[in-house]
Amino acid sequence: MRAIRFDEFGGPEVLRLVEAEVPAPGPGEVSIDVAYVGVNFADLKARSVGYRVEALPFVPGLELSGRIRALGAGVEGLVVGQEVAAMTEGGAYAEVALAPAVTVFPLPAGVSPRTAATLPTVLPTAHALIHEVGRLRAGESVLVQGAAGGVGTVAGQLAKLAGAGAVYGVVSSEAKADYARKHGYDDAFLTDTFDTEVLRATGGRGVDLVLDPVGGATLRRGLESLALFGRLVSYGNASGEEPWQVGQGELYARGRSVSGFSILGLAAGDPEALRVIADRALRLVTSGEVELPVTAEFGLEQAVSAHQLMESRSSTGKLLLRVD
């Protein structure tokens with residue numbers, strides 16, 4: 001089978017198209033003939049700095065859609081030939097991939113494999129940020145970093161569905177600001193000035209909930225953008241800066257709180273909780289209430305180009321690799 005692999009860490013050029021053995025599922029696993037693969041920022045971090053890479057060589061890829069090829073021992077509730085979406089621990093950039101059965105989701109009627117590949121990590125992440133972790137209440141205001149990306153596109157829509165009073169996004173360009181406004185955001189601000197713009201838009205009050213995948217100085221500016229009793233959810237460190245630390249001085253005076261979330265951590269630590277969140281989120285897609293546009297699609301052999309586009313920070317929505 002064909003697969004995309006890297007044997008060393010580095011830029012997009014270390015990705016290589018190779019011939020590999022077709023993997024067989026172990027106990028509790030399924031193998032899947034892959035149709036599409038979602039490209040995520042975590043794939044770039046795996047390739048460049050070894051994020052969640054236990055050993056080299058390594059085949060990246062955390063989410064996919066396709067048809068079940070074979071079932072490992074003890075797997076129930078799934079059948080060979082069934083169309084599914086799945087989260088993996090790596091290995092999705094291939095014609096056949098393995099996934100734990102607990103993170104394999106049968107496709108609801110009306111959801112195509114192309115659409116399904118955008119969902120396994122992005123949709124449950126956005127749902128958890130707004131609901132399970134962020135605990136947004138009707139009438140509250142939200143600020144979302146990376147509003148034009150995959151999670152950001154969905155998070156803005158979910159916030160609106162939850163009755164948010166105002167939903168603001170933070171983006172890196174005016175083109176991305178226009179994209180965010182077209183996908184449900186009341187307004188979108190540029191990275192360099194977002195904290196000033198938030199206070200202006202809210203009459204100096206700040207927002208009730210901030211969602212931050214960036215970390216570092218951006219997280220601290222987001223913290224200062226919170227209203228009285230505001231909440232910040234950290235779910236990444238795309239800036240590459242030192243891990244954030246928050247103390248009494250930043251939190252006590254205005255009753256602020258900070259929490260964290262990782263979809264991969266939840267998949268490893270409590271996959272059944274992930275399944276519950278994913279089921280809730282998938283229902284929103286089948287009802288047509290939430291949409292995640294695919295803005296660029298590449299063949300598997302074009303993985304280098306997909307990584308270059310995402311790394312340029314000029315992309316919006318979701319990027320896919322087409323395998324089948």
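Colleague: How many aromatic pairs does the structure hold, and how is such a pair described?

Modeller: A pair of aromatic rings is described by the distance of the centres and the angle of the planes. Rings of Phe, Tyr and Trp (its six-membered ring) pair if their centres lie within 6.5 Å; planes under 30 degrees apart are stacked, over 60 edge-to-face, and the rest tilted. The structure holds three aromatic pairs. One of them joins F6 and F9: this pair is tilted, with 6.0 Å from centre to centre and 55 degrees between the planes. F6 and F58 form a tilted pair too, at 5.7 Å and 50 degrees. This is a predicted model: local features need pLDDT of at least 70, side-chain atom pairs count only at pLDDT 80 or more, and totals for chains, interfaces and linings use all residues. Residues are numbered from 1 along each chain as its sequence is written, and side-chain values use heavy atoms, with hydrogens and water left out.

Colleague: Where in the chain do F6 and F58 lie?

Modeller: F6 is in the loop between β1 (2–5) and β2 (16–19), while F58 is in the loop between α1 (41–49) and β4 (63–71). They are 52 residues apart, and the pair links distant parts of the chain. Helices (H or I, at least four residues) and strands (E, at least two) are DSSP runs, numbered from the N terminus. F6, F9 and F58 form one aromatic cluster.

Colleague: Is F9 buried, partly exposed or exposed?

Modeller: Buried means under 20% relative accessible area, exposed over 50%, and partly exposed in between (1.4 Å probe, protein chains only). F9 has 39%, so F9 is partly exposed. F6, at 0%, is buried, and F58 is buried as well.

Colleague: Which ring has the charged end of K45 over it?

Modeller: A charge sits over a ring if NZ of Lys or CZ of Arg is within 6 Å of the ring centre and within 35 degrees of the ring normal. The charged end of K45 sits over the ring of Y51, 4.5 Å from its centre.

Colleague: How many salt bridges does the structure hold?

Modeller: There are 21 salt bridges, each a side-chain nitrogen of Lys or Arg within 4 Å of a carboxyl oxygen of Asp or Glu. In one of them, R2 meets E95, with the closest N and O atoms 3.0 Å apart. R2 lies in strand β1 and E95 in the loop between β5 (83–87) and β6 (96–100), so the pair ties together parts 93 residues apart in sequence. R2 is partly exposed at 22%, and E95 is partly exposed at 28%.

Colleague: What does the salt bridge of R137 look like?

Modeller: R137 pairs with E140, and their closest N and O atoms are 2.8 Å apart. R137 is exposed, at 52%, whereas E140 is buried, at 8%.

Colleague: Which residue forms a salt bridge with R181?

Modeller: The partner of R181 is D187, with closest N and O atoms 3.1 Å apart. R181 is partly exposed at 33%, and D187 is partly exposed at 22%. Elsewhere, salt bridges that share partners join R2, E95 and E301 into one network.
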